[in-house]
Amino acid sequence: MAAKKMPIIIQGGRLVDGTGGRPIDNATIVINDNRITRVAQGRVDFPKEARIIDASGKTVLPGLIDNHVHYRNHSGELFLAHGITSVRDLGNPVDWILAQRSAVALGKVAGPRIFCAGGGFYGRATAEFHMVPANPEEARSMTKRLIERGMDYAKLHLGVPLDIARAVAEEAHAAGFRVTDHLESSILPYAEAGVDGVEHATGCAEATIRSEEGRKKLASIKLWLAKFLGPWTLAERDHFAEVTEFLARKGTFIEPTMVLWGSSLGMRDKWEREDYELLKNPGLSYIPEDQRLFWLDHHYVAYGVRPKQEPEQDVVIANRYSIYGILPEDQLREGHRRLQEFLCQLVKAGGNVVTGTDAGAAVIPGISLHRELELMVAGGLTPMQAIQAATKVGADYLGKLNELGTVEEGKLADLIVVRGNPLEDITHARRIDLVIKNGEIVD
């Protein structure tokens, strides 16, 4: 039998518990084994053998959640070091990701809690572990097998017909699973069919494009990467309210992956320098060199080679292209403004926005989530709303709100301590002082 863990007492800090309520100053959090057993203001009695952590002048938050990652076997420590205690994997071979999940859960490998879907359902397979059901009956059978294998949710991707999406959703919901989708058409019929949320906010812009000219331009977007961002350059503001109110009523979760817009927001130089400084750390030498170069090369692969002379910051050059030369940067900036407005309207309507980064496949795990938080706040969300996107709302998307996402009595002890006050300055969430996952202090 495993030895009982020493109780942990965190006291003196400001608690932002993730519920959206007022912060609790001079809070005390008591952790026994892997659960939060008491949350109070002021000092409380505790066992003499408890480990005391003084959080005076600091802020306690729930552990952060990245709801869109492509997990790699060298990602775990990067996530934990940046305060991310749970991740949702969007696609890996079933046997491999289950092995990773088990290794982390058993404490054999350092890493965040992993929630996974396996290879996912596709309209057309691009990898051998993708599933392409021929009809709804086959989709139901495949979904049942994934549930039996122990997956945590169901994932749909481009090209899956509506009848198959409905069949997957019915089987998944019967088992208490969420269903996520990556769309290339309007989100509205898929949300009605049972899809619980979408990646990269796909399908949302498409739902607002009603004009004949807009539909023609949307139909002209053929390249896969352009389908991530291009529709937002065509999004029609007149229909934002209708779509956001519908999604709020349905409780649909929107994961916008705002970090994919980095270059068009003028963040490229800053992020590239940050990435370089992080990856040159000798402590990360275990990460394969080709992977480190891939993350650095992302700034060029996705956004193109820099022009020989950078334009003045306030000058827009219409023929300066980003995203494989597909979309001019001025169009991307306008598209991002429309996405920001859409997300703000969605949250105001009571809808669900969650954090996701595409970490592993495109960007560096860990630091990218903090960029996502900062972009949400820059786009008009409050720091509290951004924090909830990475905690309470994120846990709800996982279907684990009863266990994770807030610092409350009875929940799993996943929390972080940061220097400063993220409610005043969201960048303070980067200042990780302590990470506790499952009741254990992370080195």
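Tutor: Buried means a relative accessible area under 20%. Keep that cut-off in hand. The structure above is a predicted model.

Student: Why is Cys 116 called buried?

Tutor: Set the value against the cut-off. Cys 116 has 0% relative accessibility. The limit is under 20%, so Cys 116 counts as buried.

Student: What about Cys 204, buried or exposed?

Tutor: Cys 204 also has a relative accessible area of 0%. That is under 20%, so Cys 204 is buried.

Student: How many disulfides are there in the whole structure?

Tutor: The search finds 0. Take Cys 204 as a case: its nearest cysteine sulfur is that of Cys 344, 14 Å away. A disulfide needs two cysteine sulfur atoms within 2.5 Å, so Cys 204 is in none.

Student: Now the rings. How many aromatic pairs turn up?

Tutor: The whole structure holds 5. One of them joins Tyr 71 and Phe 79.

Student: What makes Tyr 71 and Phe 79 a pair, and why is it called stacked?

Tutor: Two tests apply. Ring centres must lie within 6.5 Å, and here they are 6.1 Å apart, so the rings pair.

Student: Why is the pair of Phe 253 and Tyr 397 given its label?

Tutor: The centres of Phe 253 and Tyr 397 are 4.8 Å apart, and their planes meet at 10°. The limits are 6.5 Å and 30 degrees, so this pair is stacked.

Student: What does that pair tie together?

Tutor: Phe 253 lies in strand S12, residues 253-255, and Tyr 397 in helix H15, residues 392-398. The pair therefore links parts that are 144 residues apart in sequence.

Student: Phe 253 and Tyr 397: buried or exposed?

Tutor: Phe 253 has a relative accessible area of 2%. Tyr 397 has 2%. Each value is under 20%, so both residues are buried.

Student: Which residues form an aromatic cluster?

Tutor: Trp 232, Phe 240 and Phe 342 form one.

Student: How do you know that Arg 88 lies over the face of Tyr 153?

Tutor: Arg 88 is 5.1 Å from the ring centre of Tyr 153.

Student: On to the cavities. How many count, at 30 Å³ or more?

Tutor: The count is 2. The largest cavity holds about 70 Å³. Its lining has 11 residues, and the closest to the centre are Trp 271, His 298, His 299, Val 363 and Arg 371. Helix H10 (268-279) and helix H11 (289-301) each give two or more residues to that lining. H11 has the largest share, 3 residues.

Student: What is the class make-up of that lining?

Tutor: The largest cavity is lined by 7 nonpolar, 2 polar and 2 charged residues. Trp counts as nonpolar and Arg as charged, so Trp 271 and Arg 371 fall in those classes.

Student: And what is the volume of the second largest cavity?

Tutor: It is about 50 Å³. The lining residues include Pro 62, Gly 63, Leu 404 and Asp 414. By class, the lining has 4 nonpolar, 5 polar and 1 charged residues. Gly counts as polar, so Gly 63 belongs in that class.

Notes: Residues numbered from 1 in each chain as written. Predicted model: local features only at pLDDT ≥ 70, side-chain atom pairs only at ≥ 80, totals over all residues. Heavy atoms only, no water. Phe/Tyr/Trp six-rings, centres within 6.5 Å; stacked < 30°, edge-to-face > 60°. Helix = DSSP H or I, 4+ residues; strand = E, 2+ residues; numbered from the N terminus. Buried < 20%, exposed > 50% of the residue type's maximum accessible area, 1.4 Å probe, protein only. Lys NZ or Arg CZ within 6 Å of the ring centre and 35° of its normal. 1 Å grid on protein atoms, 1.4 Å probe; cavity = no way out; pocket = protein on both sides within 12 Å on 5 of 7 lines; lining within 4 Å. Points joined across faces, edges and corners; volume = space filled by probe spheres on them.
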